[in-house]
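Thanks for coming, everyone. Let me put the model on the screen, and then we go through it piece by piece.

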Amino acid sequence: MKPHERHVAILALVREHQKITVDFLSEHLGTSRETIRRDLTELSLRGQLRKYHGGATLLDQQTEGAFRKRLLEQSDEKRAIARYTAALFDRGDTLFIDTGTTTLAFAQELAMRPAMTVITNSLAITQTVARGGENHRVFLIGGEYLEEASENVGRLAVEQIAQFNAGDAVITVGAIDTGGVMDYELREAEIARAMIAQAQRVTVIADSTKLNRTALFRVCELRQIHRLVVDAAPERPLADALATAGVAVIVASNEHSTA
């Protein structure tokens, strides 16, 4: 059973039983306890269940964080974007990846691609790529740890990013309009800006709900973006602004996301 299929089966069993043990999952799925524990850790980092010693349970919806809630929003669209974007990169590429629900989906797809080098401030992305089985090289940026999104931020993180040079930065966004790319969280905007400054090319990935919206903190201007991967074509005037800025717009539909 492939990891993705096993994860789907685990989540179905957790939803059915609400609380489930590693031993039960190991026997039911015919997989080692060590593999099940790794699966539960990864699913927990994605915000899809809550892991405890010896098993897992459903998330407490009342205490579920905003990041975990966003993981469930536009999930099909994010998966299509992730698959298409991952196919744009190949063996030997070096990528910055910032923290976000769409970049986490991207990391899950990238993990199955030929070996690359990834620099990220996300613990979840680090573990996802490192466990992909393709001998990826992964650098985890340090700094102040924020548990909700399992990310490192702040001055130390920004300073460490400046020590790297990458061919590409893959950035997720809170909003994008004719004025540029924005985010709702200052510290995450700082991380994105630092990665963009150290990359030769910038790929922004965003589901269509982010288009023609504004947010408080500026990340970059449209002219700094090389390509935008979305699930639906932008409408005017954003489409005109992207064309003027020379941004390649790639529409990744579910039908074409396996390309």
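Start with the open sheet of three strands, ordered β10-β11-β13, with antiparallel pairing. Its edges are β10 (175–177) and β13 (217–220), each pairing on one side only. On average, neighbouring strands here are turned by 35 degrees against each other, direction ignored.

Before I go on, the ground rules. This is a predicted model, where local features need pLDDT of at least 70, side-chain atom pairs count only at pLDDT 80 or more, and totals for chains, interfaces and linings use all residues. Residues are numbered from 1 along each chain as its sequence is written, and side-chain values use heavy atoms, with hydrogens and water left out.

Terms next. Helices (H or I, at least four residues) and strands (E, at least two) are DSSP runs, numbered from the N terminus. Two strands pair if DSSP finds at least two bridges between them. Contact means heavy atoms within 4.5 Å. Axes are lines fitted to C-alpha atoms, for helices over the stretch in contact, and angles run from 0 to 180 degrees between N-to-C directions.

Back to that sheet. Strand β11 (residues 180–183) and β13 run antiparallel, joined by three bridges. M182 sits opposite R218 in β13. Helix α9 (residues 186–197) lies across β11 and β13, at about 15 degrees to β13.

Now the other open sheet. Which order do its three strands take? It is β1-β3-β2, again with antiparallel pairing. Here the edge strands are β1 (19–21) and β2 (50–52), each pairing on one side only. β1 pairs with strand β3 (residues 55–57) in the antiparallel sense, over three bridges. Opposite K19 you find T57 in β3.

Two helices pack on this sheet. Helix α1 (residues 3–17) touches β1 and β3, and its direction makes about 125 degrees with that of β1. Helix α2 (residues 22–29) also touches β1 and β3, with a direction at about 70 degrees to that of β1.

The C-alpha atoms of R15 and L58 are separated by 6.8 Å, although the two are 43 residues apart along the chain.

Then α2. Which of its residues are buried? They are V22, L25, S26 and L29. These cover an arc of only 100 degrees around the axis, which puts them on the same side of α2. The arc is that of the directions from the helix axis to the C-beta atoms. Just after α2, G30 takes a positive phi of about 65 degrees.

On to the parallel pairs. Strand β9 (residues 166–172) has seven of its seven residues buried, so it is largely enclosed by the rest of the structure. Strand β4 (residues 94–97) runs parallel to β9, joined by three bridges. The bridge partner of F96 in β9 is A169. β9 is also joined to strand β12 (residues 199–205), in parallel, by six bridges. There, V170 has T203 in β12 as its bridge partner.

T85 belongs to helix α5 (residues 75–86). Is T85 buried or exposed? It counts as buried, at 0% relative accessibility. Its side chain reaches the backbone oxygen of I81 at 2.7 Å. Leaving aside neighbours within four places in sequence, T85 is in contact with F106, T203, I205 and V229.

V229 takes us to the last pair. Strands β14 (residues 227–230) and β15 (residues 248–251) run parallel, joined by four bridges. V229 has I250 in β15 as its bridge partner. With helix α10 (residues 238–244), β14 and β15 make a right-handed β-α-β unit. Right-handed means that, with the strands pointing away from the viewer, the path from the first strand over the helix to the second runs clockwise.

Totals to finish. The protein has ten helices and 15 strands. Of its 259 residues, 52% count as buried. Among contacts between residues at least 6 apart in sequence, 60% join residues at least 24 apart.

Conventions:
Buried < 20%, exposed > 50% of the residue type's maximum accessible area, 1.4 Å probe, protein only. Polar contact = N/O pair within 3.5 Å; in protein donor to acceptor, adjacent residues only side chain to side chain.
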